[in-house]
Amino acid sequence: MQALLRLSRFIDGTTRFIGHHVRWLVLAAVLISAINAVMRKFFDLSSNAWLELQWLLFGAVFMLAASFTLQRNAHIRIDVLSSRWSKRTRDWVDLFGHLFMLAPLTLVMTWLAAPAFLESFRSGERSVNSGGLAVWPAKFLVFAGFLLLFFQMISEVIKRIAVLRGAIADPEPEPVHGHNPEDVTTGGAHAE
């Protein structure tokens, strides 16, 4: 189990590194969007390449940060149900969801995205828009995003199994968007 936990820590470190650095792409997308808008409004200059770069950067953030979102337990949940379950039940549901829903999705998407990216790269596929960018970076981001999500899912499965077996303390933060069920009944104040 210790070797698997070391693998999990390596995957988590890689995911954390990517997640912390990909956020700068949001700033880049906003700056490009603002500059492009100013150029178009005041100088009547625009380019499809700048517009496509904006959506490429947005896609990069979305695809590359998905694994970080999973690691931080910030993904969408049905809080009405999960907030009423015990922590152990949530761990079992997470384990089931990772193995039987997320694993097949990420494997299929990676398997389908790899040849699409390779073909686009080999052929030098370009946007159909005049002055547009190469298409292969966007297709690579789909492949890379699902591959990173697959590896983070492996890390989450390892951690859930270790927590359920009592091998480690729960490293998973509470959901960012979640709430404590006691807060609803006590108005946010905890009884002492």
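Where is Ile 168 found? Ile 168 lies in the loop that runs between helix 6 and helix 7 (181–186), helices here being DSSP runs of H or I of at least four residues, numbered from the N terminus. Before I go on, please keep in mind that this is a predicted model, in which local features need pLDDT of at least 70 and side-chain atom pairs count only at pLDDT 80 or more, while totals for chains, interfaces and linings use all residues. Residues are numbered from 1 along each chain as its sequence is written, and side-chain values use heavy atoms, with hydrogens and water left out.

Staying with Ile 168, this residue is partly exposed, because its relative accessible area is 26%; buried means under 20%, exposed over 50%, and partly exposed in between, with a 1.4 Å probe and protein chains only. Leaving aside residues up to four places away in sequence, Ile 168 touches Leu 5, Lys 159, Ala 162 and Val 163, where contact means heavy atoms within 4.5 Å. Leu 5 is 163 residues from Ile 168 along the chain, yet their C-alpha atoms are separated by 9.3 Å.

Now to helix 2, whose buried residues are Ala 29, Ile 32 and Asn 36. They share the same side of helix 2, because they cover an arc of only 65 degrees around the axis, taken from the directions from the helix axis to the C-beta atoms. Helix 3 (48–71) is among what covers them, whereas on the other side Trp 24, Val 30, Ile 35, Lys 41 and Phe 42 are exposed. Just after helix 2, Asp 44 takes a positive phi of about 55 degrees.

Finally, the largest nonpolar core has 11 residues, including Met 63, Leu 95, Ala 103 and Phe 146; a core is a set of buried Ala, Val, Leu, Ile, Met, Phe, Trp, Tyr and Cys residues joined through side-chain atoms within 4.5 Å. Helix 6 gives the most to this core, with six residues.

Note on methods
Helices (H or I, at least four residues) and strands (E, at least two) are DSSP runs, numbered from the N terminus.
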